[in-house]
Structures are given as structure tokens and as C-alpha cells.
Amino acid sequence: MGYIQRAHMADKKNNRLKYLVMVAVILTIITLLLAAAYIWKITPRPYSAVVLANGDIYFGQVSHFPRLSLSDPYSLQAVADPENEGQLIPQIVPMSLLVWMPENLVLNWDQVVSISRISKDSQVMQLIDSR
């Protein structure tokens, strides 16, 4: 076998090795992305309060990607107190009780005034946990 033939065979082996390494790297990246997505999905996210420009307050698990949204949303509503006329009582209402029953509440960033995490010991979390 001549020198040229051996050099050509070595080049073919190098090309195959490059392709195998590229395929292995791509498969590793895909596997890591799928694992990260799975871990993100199963990891419990804390509840947050979202205050909108119109004064509405929503509670839920905030997600920023691909759009700002709340999963397992609740809303804060003022309800008339049956014992004291003219008095309003704040009440947390699960959005799942609404007619349209949203699973996620997509929010407009332009209307959001603030987002803050809710303490595990707060009255809001006690009410949410009791449901």
C-alpha cells in the first residue's frame, strides 16, 4: 500500500471520529436539556403575589418563560360581610372556580406593578394550603 493510500485512509478515520464526537456531543446536550426540563417540571415552585396596575392582586406559581404566567392562580376579592353591613372582607378565590377555569393565567408585563414571594407562614399560604 502506498503512502497516499494510507494518508487517505487516515483522513477517512479522522472524519468518522469527528462525526462520532459531534453526534455524542449533540446527544449529550439533548439529554441534559430534557433532564433539566423534567427537573424544572417536578420541582415545586413557590407561590407569589402579583399586583396589577388596576389594583387586582393574584396569587400563584410564577413562570417567566415563554410568557409571564401564573399556574394554580387565585384572586383576591372583596366580599360583603354578612355580619356587618357596609364592611368588606378580603377573600382568596381559586380561579378554578370561575366559569372559564383557567389552568394558567397569562399576564401582561406592562400591567404588572410588583411580584413578590409569599411566605410559607403567611395567612395567604394557610388559606391556599387548606384548599
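Which strands do the buried residues of H2 pack against? They pack against E1, E2, strand E3 (69-80) and strand E4 (88-94), where contact means heavy atoms within 4.5 Å. The model is a predicted one, in which local features need pLDDT of at least 70 and side-chain atom pairs count only at pLDDT 80 or more, while totals for chains, interfaces and linings use all residues. Residues are numbered from 1 along each chain as its sequence is written, and side-chain values use heavy atoms, with hydrogens and water left out.

Helix H2 spans residues 123-130, and its buried residues are Val124, Met125 and Ile128. Seen down the axis of H2, these buried residues fall within an arc of 95°, so they line one face of the helix; the arc is that of the directions from the helix axis to the C-beta atoms. On the other side of H2, Gln123 and Ser130 are exposed. Here buried means under 20% relative accessible area, exposed over 50%, and partly exposed in between, with a 1.4 Å probe and protein chains only. Helices (H or I, at least four residues) and strands (E, at least two) are DSSP runs, numbered from the N terminus.

Among the strands that H2 packs against is E1, which covers residues 47-52 and has five of its six residues buried. E1 pairs with strand E2 (residues 57-63) in the antiparallel sense over five bridges, two strands being paired if DSSP finds at least two bridges between them. Within this pairing, valine 50 stands opposite tyrosine 58 in E2. The two strands form a hairpin with four residues between them, and glycine 55 in the turn has a positive phi of about 95°. E1 is also joined by five bridges to strand E6 (residues 112-117), and these two strands run antiparallel; in E6, valine 112 is the bridge partner of leucine 52.

The peptide bond from phenylalanine 65 to proline 66, however, is cis, with omega near -5°, and proline 66 is placed in the loop between E2 and E3. Aspartate 72, in strand E3, has a positive phi of about 50° although it is not a glycine, and this aspartate is partly exposed, with a relative accessible area of 34%. Methionine 101, in the loop between E4 and strand E5 (104-106), likewise has a positive phi, near 40°, and counts as exposed at 52% relative accessibility.

Valine 106 lies in strand E5 and counts as partly exposed at 48% relative accessibility. Not counting residues up to four places away in sequence, valine 106 touches Arg67, Leu68 and Ser69. The C-alpha atoms of valine 106 and tyrosine 58, which are 48 residues apart along the chain, are separated by 11 Å.

Leucine 17 is exposed, with a relative accessible area of 51%, and together with Val21, Val25, Ile29 and Leu33 forms a nonpolar patch on the surface, with about 470 Å² of accessible area.

How values were computed:
Patch = residues over 30% accessible without salt bridge, like charges linked within 9 Å, V, L, I, M, F, W, Y side chains within 5 Å. Areas by Shrake-Rupley, 256 points an atom, 1.4 Å probe, with all protein chains shown as cover. Salt bridge = Lys/Arg side-chain N within 4 Å of Asp/Glu carboxyl O.
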